[in-house]
Amino acid sequence: MNTTWGQMMSHISSDNGEETPLQARLKKLNSSIGKVGLAVAFMVLVVLLVRYFTGNTSDENWNLEFNGSKTKVEYVPLTVTLALAYSMQRMMKDQVMVKKLSACTSMAKKLSACESTTNNIYAYETMGSATIICTDKTGTLTLNQMKVTKFWLGQDSIEEGASLMISPYVLELIKQGVALNTTGSVYRATSESEYKFSGSPTEKTILSWAVQELKMDMEALSQGFDCLGVEAFNSQKKRSGIIIRSKMDSTINVHWKGEAEIILAMCSSFYDASGILKNIDEQQMSRLKKIIQGMAANSLRCIAFAHKPIQEGELLKDGKEKSLKEDNLTLLGLVGIKDPCRPGVGKAVEACQSAGVNIKMITGDNVFTARAIALECGILKPGQDLFSGAVVEGEEFRNYTMEERMEKVDKICVMARSSPFDKLLMVQCLKQKGHVVAVTGDGTNDAPALKEADIGLSMGIQGTEVAKESSDIVILDDNFASVATVLRWGRCVYNNIQKFIQFQLTVNVAALVINFVAAVSAGEVPLTAVQLLWVNLIMDTLGALALATERPTEELMEKPPVGRTEPLITNIMWRNLLAQALYQITILLILQFKGESIFGVTEKVKDTLLFNTFVLCQVFNEFNARKLEKKNVFEGIHKNKLFLGIIGITIALQVIMVEFLKKFADTERLNWGQWGACIGVAAMAWPIGWVVKSVPVPEKPIFSYLTWKK
């Protein structure tokens, strides 16, 4: 690509097929479950072959049915889809729109087949794993309601309403620089109506100030001058310029506007309020820089205006094109623009930091303004300064070697004077260090970073269409507090998926072991194909719906992020599911081999008791799955009416299955005492869960101890 625009479009249109953290974890889980299922099936095959050839099978045709080896990985994507769809509906009320949920169906199909999918995946779950958020300043941390609060003419501060004290000649030059060197416009339908301003927020703020404070007539100025050349504003130079010729006296002026330090460096003189031209020596330059730094320290964005009169012959460069003079300019004035921080942004930043997520602010403002805003929002702490490495400029970061960038990127909290490609470079470095990175952006130039990030969040109000298309989530109110909401919901989705996986694996392990043991010992299975399909229906589908709709809690924001390397099944989940599975296996094996003598029933009734107990164990264990760590599994249950409704439906369907679908389900009716025994045995899942959650587990993942050191 020969242009910057072409490079950017090429970057955002490319698809590197990178997996999100959840995709990688689910793919690994599905692979592991598949291997276990194959291993068990092979073992059963070997045992049955031995039984057959040794004459220990009662069926001469060897028609033995074994359903326990069927693993149920296809229901995990269903849970993911349900959890994300429910969360998307809820998040719309919190001013958050997820753009890429349309991939739900295709992802579920692909995950069922254990295939790799593209990065077009459920966005807010990835946000729940985020360890770093790289955020813009304007409009995200701030209100984007700018106002000029300071105006300096040289070294003189001009108070509001005191523009009449300025020399008419200097005032006219300032008006020219504001009215003609702009991409904004001013419209007024009648002399009685109010002014309407268009353009970027900064342009509208300056135009509004000039019209209301300096009494600028933009239409008259536009008609009184011809434009001879323009240099548009860009994020690298951070300035814009124009050459104009007066229609009245044919005088020619170059006007520049841009970041104060950059424009000041181009100046060799300045006007005072009386219109006297003064040279800028070292002492004067030092005073002007302190004025700029003082405004920046008060969270003001500093914009400078400068001009230079030139002769007709100076317009031509190499006889071909007009050139804007960039040296020996005269400083016309400095304005300080205030953009207040959003209410509540400090609490949102604190909430993210408490959750273990680092916030990095990336802005085009100078280091002093950036540092002041970062301190006000809580991104920087009072002890952090420009010399601690927490605040850097984009050019400085860009000029680091790769080793230096990788060493220092974690310490950086604020990057000032940055370009969009500096943001992209930071995202790439953070990802290389293993972070899950979220990026906020609103401009077209932010698109590469939004695309590169694990999770891109664009702004719904100020964001361009290119930025929105490159992002995964649109923040409808442009508020950082909504970013914290996405983080909370993302963690909730991830936690709900973990709950279902723990619940589902408990069902899998218990069913697998009981059918395997029964098959190899007695040559028959207690749970028929229809009964296992019934378990699939009510435990997987309804269970997924019940556990996927849990609302986020504040406890989720008190835990560190899972990042990119944490296993999907934690030690806590292994503790819970193995304890419950062991209890269920014990009870079911007792019923399988001793049930007839214990209850004094026939084999058919014994199998029905085993099936009914197995299903009811899952119903009671579903309550345990609501809380992975907390002992009180009933906390907040009254708020989740859908969960209670699903539990009620599950129990009702099970009663119908046992009592009324005898031929279909191969069951026998149970009396009240037998139902009571089934419920009593299943209800033991609650006290067992309470006791088990008192058992401490190591923080290091259990399977990491089995990893061979190379």
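## Strand 12 and its neighbours

Strand 9 (residues 252-259) pairs with strand 12 in the antiparallel sense over eight bridges; strands count as paired if DSSP finds at least two bridges between them. Strands (E, at least two residues) and helices (H or I, at least four) are DSSP runs numbered from the N terminus. Within this pairing, His255 has His307 of strand 12 as its bridge partner.

Strand 12 also pairs with strand 15 (residues 329-338), again in the antiparallel sense and over eight bridges. Here the bridge partner of His307 is Thr330 of strand 15. Ten of the eleven residues of strand 12 (residues 300-310) are buried, so the strand is largely enclosed by the rest of the structure. Buried denotes under 20% relative accessible area (1.4 Å probe, protein chains only).

## Basis of the model

The model is predicted, with local features requiring pLDDT of at least 70 and side-chain atom pairs counted only at pLDDT 80 or more, while totals for chains, interfaces and linings use all residues. Residues are numbered from 1 along each chain as its sequence is written, and side-chain values use heavy atoms, leaving out hydrogens and water.

## Packing of helices 19 and 22

The axes of helix 19 (residues 529-548) and helix 22 (residues 641-660) come within 9 Å and cross at roughly 170 degrees. The two helices are therefore roughly antiparallel, a term for angles over 145 degrees. Contact (heavy atoms within 4.5 Å) involves residues including Trp534 and Leu542 of helix 19 and Phe643 and Leu653 of helix 22. The contact residues divide into 14 nonpolar, two polar and no charged; nonpolar covers Ala, Val, Leu, Ile, Met, Phe, Trp, Tyr, Cys and Pro, charged covers Asp, Glu, Lys and Arg, and the others, Gly among them, are polar.

How values were computed. Buried < 20%, exposed > 50% of the residue type's maximum accessible area, 1.4 Å probe, protein only. Axes fitted to C-alpha atoms, helices over the stretch in contact; angles between N-to-C directions. Parallel < 35°, antiparallel > 145°, perpendicular 65-115°, else oblique.
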